[in-house]
Amino acid sequence: MSVRCQESPVLAGSATLAVLGALVLCLAEPAGYGKYTESRMPVATRLSARAAWFLQELPSFAVPAGILAGQPCSLFGQPATVLLGLFCAHYFHRTFVYSLLTRGRPFPVVFLFRGFVFCMGNGLLQGYYLVYCAEYPAEWYTDIRFSLGVFLFILGMGINIHSDYILRQLRKPGEIIYRIPQGGLFTYVSGANFLGEIIEWIGYALATWSLPALAFAFFSLCFLGLRAFHHHRFYLKMFEDYPKSRKALIPVIF
């Protein structure tokens with residue numbers, strides 16, 4: 001039985017992402033994981049960073065990949081499935097590569113649960129829209145929105161992966177100390193990894209030309225941009241020799 005597009009859930013999901021992004025900015029507080037984890041939080045309420053990131057990111061890969069797997073072969077190669085494949089590629093890396101390499105602090109279970117629910121909902125929203133609602137003309141592959149969007153997505157993913165690599169090299173296994181990141185876009189901004197991911201989702205929103213992707217890009221800008229701001233402030237307070245010319249998120253500007 002074919003699934004028909006229901007616009008109301010798509011609009012509601014997109015609006016929820018936009019509201020969550022605006023709420024993050026209004027609260028202006030860093031999410032309580034990583035360097036912002038409360039030291040007084042009981043150990044029993046935390047999970048290892050590797051296990052937590054794997055469990056949190058898994059729905060963002062598994063849900064849309066499951067939707068794709070249920071489609072007839074005739075649909076593969078069409079713009080909607082290719083674009084959803086990009087989304088799955090990002091979260092395949094986050095789930096099965098990044099999570100196994102990270103050297104972060106133990107992760108609070110409450111934030112893991114919130115992240116899991118968010119990733120489940122967003123994965124369902126993006127996958128449902130692209131497979132059951134999106135309609136692209138045959139010439140979409142030659143459209144400037146698709147070409148530029150995919151370019152930005154790949155560029156952002158490359159920046160994100162390279163920046164994560166630089167951050168991992170700052171610590172030996174088991175260490176929890178902080179050092180000043182150097183190289184790559186960290187030469188110019190404190191949140192190079194966040195900037196890369198923001199560029200990814202802006203590119204994805206452009207390539208898909210969809211409301212759900214735009215709402216997710218807006219949420220990512222709010223959440224990751226605020227995190228970059230707090231990281232920058234953290235580094236300035238911790239290191240007297242922190243580069244004064246380095247900005248938080250956007251080189252030269254912010």
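Q: What do the side chains of Arg94 and Asp164 meet in?
A: Side chains of opposite charge can pair when their charged atoms come close. The name used here is salt bridge: a side-chain nitrogen of Lys or Arg within 4 Å of a carboxyl oxygen of Asp or Glu. In this predicted model, Arg94 and Asp164 form one, at 3.5 Å from N to O. Arg94 lies in helix 3 and Asp164 in helix 5, so the pair ties together parts 70 residues apart in sequence. Helices are DSSP runs of H or I, at least four residues, numbered from the N terminus.

Q: Is Arg94 buried or exposed?
A: Buried means under 20% relative accessible area, exposed over 50%, and partly exposed in between (1.4 Å probe, protein chains only). Arg94 is buried, at 7%, and Asp164 is buried, at 6%.

Q: Which residues are linked with Arg94 in a network of salt bridges?
A: Glu57 and Asp164 are linked with Arg94. The closest N and O atoms of Arg94 and Glu57 are 3.5 Å apart.

Q: Which residues touch the most other members of the largest nonpolar core?
A: In soluble globular proteins, nonpolar side chains tend to be buried together. A nonpolar core is a set of buried Ala, Val, Leu, Ile, Met, Phe, Trp, Tyr and Cys residues joined through side-chain atoms within 4.5 Å. Here the largest has 37 residues, and Leu83, Leu130, Trp201 and Tyr204 touch the most other members. Helix 3 gives the most to this core, seven residues.

Q: How are residues numbered, and which atoms do side-chain values use?
A: Numbering starts from 1 along each chain as its sequence is written, and side-chain values use heavy atoms, leaving out hydrogens and water. Local features need pLDDT of at least 70, and side-chain atom pairs count only at pLDDT 80 or more, while totals for chains, interfaces and linings use all residues.

Note on methods:
Helix = DSSP H or I, 4+ residues; strand = E, 2+ residues; numbered from the N terminus.
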